[in-house]
Amino acid sequence: MRVLVFILFAFIQSNSFGQQADVAPLNSRVVLVHVNEGYVQYHGNGQQNSNDVVVFQGAPLNTTAAGQTGSYALQSSDDPTYTLPQQPLSINRKSKGTAFAWFCDGWDNTLGCINSRPDHTKEHWIYLNLPQPLQPGKSYTLTTGSLANNGNVWAFTFDTHTSRSEAVHVNQVGYKPNAPLKFGYVYQWAGDGGSVPFNGYQGKAFQLIDVRTNQVAFSGTLAFRATPTLAETGQTDTPNGNFSGATVYECDFSCFRQPGTYRLAVDEVGCSFPFDIGNAVYNEPFRLVMNGLYKQRSGIELMTPYSDQPRPAPHNPTLTPGFANRLKYTTTRYPDVTNSDATPGDKAAWEAGLKGTIDTWGWYQDAGDWDAYFSHASVPATLMALFESFPDRFNDGQLNLPEQANGRPDLLDEARWLIRFYHRTRHAILDAGYGTGGVGGARVMGDLWGADAAPDGSGRGSWQDTTRDWYVSGEDPFMTYRYAGLAAQFAYCLTLAGVADPEGINWQQEATEAYAWATANIRSGDLNPRFDGALNLYHTRLYASAALFRLTGEQSYHSQFLSDWATLGTRNERAADSDAKYGAWLYALLPSTRIPDPTALTQVLAAVEAQADFSTFETANKRAARWGGNWYFPMLVGQSTSPMLTEGVLGYRILRDRKPAKASQYLPYFGTTADYFLGNNPLNQTWVTGLGERPPSQIFHLDSWFSLSAPGTVRTGVVPYGPWRVQDFGAMGPWNLNWPYRANAPTIYPTDITVWPGHERWFSQRSAPLTGEFTIHQSQLWSIVAYGALAALREPALPESGCVPVSSERIR
């Protein structure tokens with residue numbers, strides 16, 4: 001096992017097994033010992049799940065010995081209080097599995113998988129509570145006996161300007177100079193010890209240390225912010241409604257704006273990871289998450305330099321060897337099946353409408369798997385809304401896409417990808433004589449005709465998935481109205497950008513034809529919402545009507561918009577938790593002179609403003625680390641990892657000209673929300689793979705697992721779902737998010753998961769889709785909007801001289 005005694009300002013190299021140990025305190029009264037037991041050698045392309053191998057770097061930690069004060073001794077040559085070796089007064093610990101093999105050796109009908117061999121390794125965080133405080137500038141030696149195989153003597157100097165403390169949290173990417181609010185935070189949850197007490201440090205000085213010169217560039221005072229009982233959600237997914245489980249203290253450096261690279265250092269505590277202050281700090285997060293979306297394109301080869309995991313073209317009847325005649329078209333409509341995903345009970349219905357093969361390709365792969373869903377249509381709509389919010393800030397050559405240097409904004413190139421798939425599919429249906437002008441492809445899948453794995457059960461990539469049929473769902477008015485709206489909005493954006501379509505497609509004609517087809521092909525019952533309201537004809541037609549009215553000025557579209565708007569009864573339905581928001585946003589961008597009756601516009605603007613308020617300052621000011629989003633959103637599908645600011649960003653754009661003072665109130669919380677997900681969270685995690693000092697190390701992503709070009713790597717630019725609420729998902733095995741805290745063999749300590757703060761519940765469990773996976777229209781898209789808006793924003797300048805810090809708001 002590997003011990004990291006977290007005193008990162010100094011390290012010694014151990015000769016034992018060639019491993020390296022890093023040593024540093026949490027603060028002057030606590031030394032943190034981090035133990036990493038090992039790793040999993042995962043199965044690769046052409047191998048079975050059972051080929052996973054757990055590798056221990058020595059024996060698993062003896063937790064009994066690790067919890068005994070006699071296992072440790074701290075001594076100093078220049079601190080008189082430690083001239084003689086002293087043991088800690090007490091010890092606290094938290095432990096969790098962080099590497100899991102995906103195999104199931106045996107089965108019990110009650111317990112689920114029963115494995116006869118090790119199936120995981122753990123990490124442990126051991127908090128040594130010291131009898132006397134460490135003294136600044138003094139040198140110490142900690143001995144740990146036989147706990148580690150890579151050393152038992154750890155030397156360090158307590159220098160808080162250079163030693164990183166796990167308790168000091170910052171946005172590791174950085175802050176814009178003119179960001180109205182810039183905070184770092186000090187807090188830590190110590191497992192069975194609960195919140196680490198930092199009350200003795202309140203009022204201590206903090207400094208920003210220039211990494212280049214090692215000089216103090218700014219100083220302030222550590223202030224109390226919030227208790228661990230502060231409710232941070234309208235849900236009950238985490239103890240006391242609090243996501244950190246810790247008393248939080250803050251370092252306010254909002255008035256500092258000098259570009260550079262810094263560490264946040266707190267007297268008698270330690271310092272943070274380094275971070276930048278600069279106008280371009282959000283360019284890389286935005287590029288990465290946009291590139292992560294690009295790499296979900298199906299039907300094309302991914303090549304360097306646009307992908308860190310090159311891959312042949314999957315699921316393309318022309319380009320994918322062995323896939324010819326595998327892609328089928330069915331007239332069965334997506335809204336007519338019983339399950340929005342894939343259930344065996346719907347197989348007969350899908351097959352009943354089979355017409356034959358279809359020549360189309362180019363959807364987005366959903367996440368770790370390779371399907372297409374109706375919900376993906378929100379991606380181009382949102383990308384175009386982001387472009388319309390800052391049209392002068394998104395340009396050609398900005399992103400890592402193969403369409404670089406084509407004279408069109410890269411953001412619109414990516415928005416076009418899925419719209420072009422719908423166009424291609426519409427015309428393929430017409431050309432084959434299968435339909436009459438509607439759009440199919442709301443659902444594309446192969447799940448009911450075989451598994452993602454190869455026939456022998458071995459792992460394979462999407463480009464190798466050629467042994468089963470795939471089905472494209474039939475034309476329907478839901479998908480066709482959505483396509484009409486997308487085509488109309490894309491036509492508008494091309495005009496706004498002053499560019500033409502690269503293939504000369506007449507998108508306005510596409511939009512008007514699709515809208516007419518959808519209107520003529522509404523069936524009895526189609527006005528009833530499907531799939532728990534996720535598919536609603538009123539919502540998708542509202543968007544199409546708003547987009548076409550804005551593009552053409554034809555009053556029939558306006559009349560239909562007003563009719564559909566009148567059916568939406570609540571604020572949330574109008575502008576937040578449904579697809580109706582896409583129509584509301586476009587309508588709200590119309591000048592008042594275009595609308596004869598201002599009643600609906602007034603209602604739309606009120607709904608947009610209320611939701612923008614709610615997702616920014618209303619929610620952020622009730623949370624210790626000031627992150628916004630939906631207060632009532634459950635802890636799932638990216639709530640723990642993704643800056644959910646879309647309604648705030650679009651609200652800012654819509655109100656920017658109408659109510660500039662109100663719009664400016666949103667800006668501070670765009671930054672503080674990003675801060676949380678880029679490092680101010682309990683795990684000091686940057687929730688984008690490949691970004692920052694501590695990105696996610698494992699995700700559920702089949703093409704990444706089975707990459708032939710870059711085996712053993714994790715695809716960059718992905719925002720996983722992350723920590724998930726406690727929820728029963730039936731059969732227990734490595735695929736189940738509850739596997740780390742299974743009743744018969746929990747990998748966690750404390751063993752009761754319900755006492756763990758919600759945002760501490762990340763286990764790097766790549767085999768569990770619900771935590772390790774992502775979706776392009778949820779966690780990925782939310783991050784794109786937030787980081788894209790922050791990259792594009794030009795904040796108002798701060799005063800040239802003098803600055804009054806914001807008041808420290810105490811919340812409890």
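Is C251 buried or exposed? With a relative accessible area of 0%, C251 is buried, where buried stands for under 20% relative accessible area, exposed for over 50% and partly exposed for anything in between (1.4 Å probe, protein chains only). The model is a predicted one, so to speak of local features takes a pLDDT of at least 70, side-chain atom pairs count only at pLDDT 80 or more, and totals for chains, interfaces and linings use all residues. Residues are numbered from 1 along each chain as its sequence is written, and side-chain values use heavy atoms, with hydrogens and water left out.

Cysteines make a handy place to start. A disulfide is a covalent bond between the sulfur atoms of two cysteines. Here the working rule is a pair of cysteine sulfur atoms within 2.5 Å, and by that rule the count comes to 1 disulfide. The partners are C104 and C113, with their sulfur atoms 2.0 Å apart. The link between C104 and C113 is left-handed, with -115° about the S-S bond. C104 is partly exposed, at a relative accessible area of 35%, whereas C113 is buried, at 2%. And what about C251? Its sulfur is 12 Å from the closest cysteine sulfur, the one in C271, and that is too far for a bond. C493 counts as buried too, at 0% relative accessibility.

Next comes the inside of the model. A nonpolar core is a set of buried Ala, Val, Leu, Ile, Met, Phe, Trp, Tyr and Cys residues joined through side-chain atoms within 4.5 Å. The largest one holds 162 residues, and F286 and Y787 touch the most other members. Helix α6 (residues 477–497) gives this core its largest share, 12 residues; helices (H or I, at least four residues) and strands (E, at least two) are DSSP runs, numbered from the N terminus. Contact means heavy atoms within 4.5 Å. Leaving aside neighbours within four places in sequence, F286 is in contact with L386, F394, L399, L411, I784, Y787, G788 and A791. Apart from this core lies another, of 28 residues, with L208, F253, L264 and V269 among them.

Now for the strands, which pair if DSSP finds at least two bridges between them. Strand β5 (residues 30–36) is mostly covered, with 6 of its 7 residues buried. Strand β4 (residues 25–27) pairs with β5 in the antiparallel sense over 2 bridges, and the two form a hairpin with 2 residues between them. P25 has V31 in β5 as its bridge partner. β5 also pairs with strand β12 (residues 120–129), again in the antiparallel sense, over 7 bridges. In that pairing, V35 stands opposite H124 in β12.

Elsewhere, 3 strands form an open sheet in the order β8-β13-β14, with antiparallel pairing. The edges are β8 (73–75) and β14 (153–157), each pairing on one side only. Strand β13 (residues 139–143) pairs with β14 over 5 bridges, and L142 has W154 in β14 as its bridge partner.

Last up is helix α9 (residues 555–565), whose buried residues are Y557, H558, F561, D564 and W565. Seen down the axis of α9, these residues fall within an arc of 130°, so they line one face of the helix; the arc is that of the directions from the helix axis to the C-beta atoms. An α-helix has 3.6 residues a turn, so residues three or four places apart point the same way.
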